Amino acid sequence: ARELLQSLRGSPDVHGAVIYGKDRQPFAHYLLEGHHAPASLPALHESVSYGVEYIRLVQPIAQDGDILGAILLLVDLGGLYWQMLWQVLITLVAAVIATLLARVLSERLGASVLRPLASLTDSMDQISEQADFGIRARSSEIAELDRLSRGFNSMLEQIQERDARLATHRDHLEEEVASRTAELLQAKEAAEAASQAKSEFL
């Protein structure tokens, strides 16, 4: 039994083990320095008790239904705490990395969305201030913004075409007015000449 307990030295989390006889008194034990076990067990039944530093396990030893004693194990929780600490650290690092990635992606997405909108706003301001309908909005990689830019440019093209037609019609109208004015002057001069001739004849 002592050799069996000494084999627990290879388990760093087991800091102590005690085999109790049927009289609930220690029969053999293995304890690391600075550790101690109960001088006797209150009962030889299975039990688990939790402490801040250890878990105490009691397991009955039975043969053919007869309880011969029990074994008590002191399991250190330090390894579990370290494992939890590592998990917390890994979770925090992952959260920081995820936050940084989210920030970078948010900035890139914000730039890809806000830059075309800012350009479109600048174009609208220039058109309002300068009445220059030759300005065109830039295309965007985002489908919705690209559709908006194309619609804005199409509207400007229609305004340009309308202004061009109005300018052509205005030029034609000026020519027609000038022609009619010349015809009226000629008619007036002819009428005056005829009136003068008539007066001279009379």
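These are my notebook entries on a predicted model.

**Hairpin.** I began with strand S1 (residues 14–20) and strand S2 (residues 26–31), which run antiparallel and are joined by five bridges. I found Ala17 opposite Tyr30 in S2. Five residues separate the two strands of this hairpin, and Arg24 in the turn has a positive phi of about 65 degrees.

**Salt bridges.** My count came to three salt bridges. One of them pairs Asp66 with Lys22, with the closest N and O atoms 3.5 Å apart. Asp66 lies in strand S5 and Lys22 in the loop between S1 and S2, so this pair ties together parts that are 44 residues apart in sequence. Lys22 is exposed at 54% relative accessibility, and Asp66 is partly exposed at 35%.

I then looked at Glu107 and Arg103, whose side chains meet at 3.5 Å, N to O. Both lie in helix H2, four residues apart, about one turn of the helix. I also noted Asp163 with Arg162, at 3.2 Å between the closest N and O atoms.

**Asp76.** A polar atom of the Asp76 side chain does lie 3.2 Å from the backbone nitrogen of Gly78. Asp76 itself is in strand S5 (residues 66–76).

**Nonpolar patch.** Last, I looked up a nonpolar surface patch of about 760 Å², with Trp82, Trp86 and Leu89 among its members. Leu89 lies in helix H2 (residues 78–130) and is partly exposed, at 38% relative accessibility.

Technical notes:
Residues numbered from 1 in each chain as written. Predicted model: local features only at pLDDT ≥ 70, side-chain atom pairs only at ≥ 80, totals over all residues. Heavy atoms only, no water. Pairing = 2+ DSSP bridges. Patch = residues over 30% accessible without salt bridge, like charges linked within 9 Å, V, L, I, M, F, W, Y side chains within 5 Å. Areas by Shrake-Rupley, 256 points an atom, 1.4 Å probe, with all protein chains shown as cover. Salt bridge = Lys/Arg side-chain N within 4 Å of Asp/Glu carboxyl O. Buried < 20%, exposed > 50% of the residue type's maximum accessible area, 1.4 Å probe, protein only. Polar contact = N/O pair within 3.5 Å; in protein donor to acceptor, adjacent residues only side chain to side chain.
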